[in-house]
Amino acid sequence: MTEAIKKKHLALLSVLFSAIIFIFRIWYIRDTNVLAIRNDEYGYWAHAALFSGHDWSDVLSGHMNWYSYGYSLVLTPLFWLSHNLHIMYKTAVVLNGLFGILSFYLCQKCTQMLFPRLERWILATISFTVCMYSSYLTQGAIAWSETFLYLMVWLLFYLFLRFEQRPCVWRALLLSLCVGGCYITHNRTIGIVAAYFLTVLFLRLTEAISWKLSAALLLPLIIILYINVDIKTYLCIIEGFGLKAKNGMGAQKGHLLSLLTLDGWQNLTRALSGQLWSLMTATFGLFGWGLWHFASHAFQAFHTKKTGRHTAFYLFALLACMGTFLISAISLIDPASITNLDSDADLSYFIYMRYNECVIGILLAAGILELYTRKKDKKFLLLAVGIAGIYAGLSVILNDNLKQIQDTWHYRSFCAAGIGFYRIISEQFSMRHCMAIAAVGYGALLLLMAVYQKRFQKLRLTASCLLLTAIFIPTGLYSAYIGTITSQRGKVSCGNLAMYGQLKKVIGDRDVYCTLDDTRNYRIAYELQVNLIDTHVYSITLEDLPLAEDGYFICSSNGDLDQLQVDDCYLLAQSDAYMVTVKGDALAEEIKPLLGRNQTLQRINTLHE
């Protein structure tokens, strides 16, 4: 029995780690019944609805911006299986758990190829810690593209390493298709696409690959990028997004042009330094060690003019990280919010991490392994001090900018989940608390993994991974709770879901007009549409309601119908802020048998009298 366990210990350990990864990604599944993050989620689910034969364009028109459709292809089968949003949403969260497990196995495969001499259980333990990173747990509770994108990037790194091991046309085609898949999943991966083109160019110029392999590496991606333009144009027109500037490069034109000015470069420095500071804080310096690992290997190859076993991969990963960070920083340059800092400026512009975290998984793994395998000498000490010094410099830049911001609670927790541990001490954002916790964590990791003696080395590595995991789990879950679950519970407590439920019982094939006179209320139309999947919902102003017609339902803010002189509107259901009314005497009579025992229809004008 003991021998059997020893032989199967790696498999048993992997199963245990997989179960934990899955459980903590679906931790809040009992509470995840509805879409919580609004625009982003609605954008992905709207594409899936269209792919499955539903037209939601009258809700999206004029209010929604462009979202990529790669993740929507994953959601589309859910519309074939069920039209119950609660079941569909929970299924999407379960899929996030499965994506987490697949990411764990791909992380193991990547680390095995990069560090073949290390024992498999060590690499499995490190991969487990990486996949338990707090922001990954936070995103697992949300049915949007992030968790699927993390899987796609891990697959990309794995395929690149496989191609590097044995270049062939088949592996080149798969790699190229995966890069295209990343891009149609999230357009912010344009930095990864640019890094890929540069790496292929490097391989060809150094004659590491033939023209045939170069074509295989680039042709599928170019075709995907070309077709994607037509698909995007089609979806923007059909779904009502429109070909407006924000749905294309026009949205970033002003940001890019601002880089021609001194203020633009100052904004870029502010945004980039804040994001790097956040990543260093959230990972207790491991991000810096991982970045050094990749940069040193890439630069060493250029310096010695000798390509090593994984030179191309190190170069690609380094360029992908740099490109992603730059694209993220440029997209967040908003002169109104960064140049003209004031007390209520959005903190998210400075500590927005979500776009960057699709590529840092490999850096976390490399950071841990760099600490574990690197010879502990004077150079190691200088490097440790240097990383701490860079962090201190980033802290000075960020602190100088944040001095002018008073409302430091004002940021989106699900976009900076990794630094959520400061909330253990304070509800408001505090750089001092973040830096204190990060410094203690950094020191603890150095003590555990940088002690020169080899005695208990594996035990100390295990302790380091357990320490990191013990911090990542509560931080990630708490950020998910305040960023997602409280929003979902708010929709329940305010009565919106109950209102939709009452409407669903009687609506049949009738239309719903959702009035949007208060521009903040357009999201109620999104909520209404996704809860009534087969219903045609219209976003419309109160003045444009077809009052001369009968036989439909109206969803509006409480009291809006007071402005209309109508006698044939009946109150059906009501929440704290909204009401659903029946338009037309004939429709009111038709649905009365479908109402509950204690439910009645009351004329709006009689109700107000």
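Colleague: How do the residues lining the largest cavity divide into nonpolar, polar and charged?

Modeller: In this predicted model, the lining of the largest cavity splits into 5 nonpolar, 3 polar and 1 charged.

Colleague: OK, and which residues line the largest cavity?

Modeller: The lining is made up of Arg25, Phe99, Gly100, Ser103, Cys131, Tyr136, Thr147, Tyr150 and Trp154.

Colleague: Which helices each supply at least two residues of that lining?

Modeller: Helix H6 (85-114) does, and so does helix H9 (146-165).

Colleague: What volume does the largest cavity have?

Modeller: About 60 Å³.

Colleague: And how many cavities of 30 Å³ or more turn up in the whole structure?

Modeller: The search finds 4 of them.

Colleague: Let's switch to rings. How many aromatic pairs does the structure hold?

Modeller: There are 32 aromatic pairs. One of them joins Trp154 and Phe157, edge-to-face, at 6.4 Å centre to centre with 85° between the planes.

Colleague: Trp154 was in the cavity lining too. Where do Trp154 and Phe157 sit relative to each other in helix H9?

Modeller: They're 3 residues apart in helix H9, so about one helical turn separates them. In general, an α-helix has 3.6 residues a turn, so residues three or four places apart point the same way.

Colleague: Is Trp154 buried or exposed?

Modeller: Buried, because its relative accessibility is 5% and the cut-off for buried is under 20%. Phe157 is buried as well, with a relative accessible area of 3%.

Colleague: What kind of pair do Phe160 and Phe316 form?

Modeller: A stacked one: the centres are 4.8 Å apart and the angle between the planes is 0°. That pair links distant parts of the chain, with Phe160 in helix H9 and Phe316 in helix H16 (residues 311-331), 156 residues apart.

Colleague: Are Phe160 and Phe316 buried or exposed?

Modeller: Both Phe160 and Phe316 are buried.

Colleague: Which residues do ring pairs link into a cluster with Trp154?

Modeller: Phe157, Phe160, Tyr196, Phe294, Phe313, Tyr314 and Phe316 are linked with Trp154 in that cluster.

Colleague: New topic, helix H14. How far apart are its end C-alpha atoms?

Modeller: They're 30 Å apart. Helix H14 covers residues 262-282, and at 1.5 Å a residue its 21 residues should span 30 Å, so the two values agree.

How values were computed. Residues numbered from 1 in each chain as written. Predicted model: local features only at pLDDT ≥ 70, side-chain atom pairs only at ≥ 80, totals over all residues. Heavy atoms only, no water. Helix = DSSP H or I, 4+ residues; strand = E, 2+ residues; numbered from the N terminus. Expected span 1.5 Å × (residues − 1). 1 Å grid on protein atoms, 1.4 Å probe; cavity = no way out; pocket = protein on both sides within 12 Å on 5 of 7 lines; lining within 4 Å. Points joined across faces, edges and corners; volume = space filled by probe spheres on them. Nonpolar A, V, L, I, M, F, W, Y, C, P; charged D, E, K, R; others polar. Phe/Tyr/Trp six-rings, centres within 6.5 Å; stacked < 30°, edge-to-face > 60°. Buried < 20%, exposed > 50% of the residue type's maximum accessible area, 1.4 Å probe, protein only.
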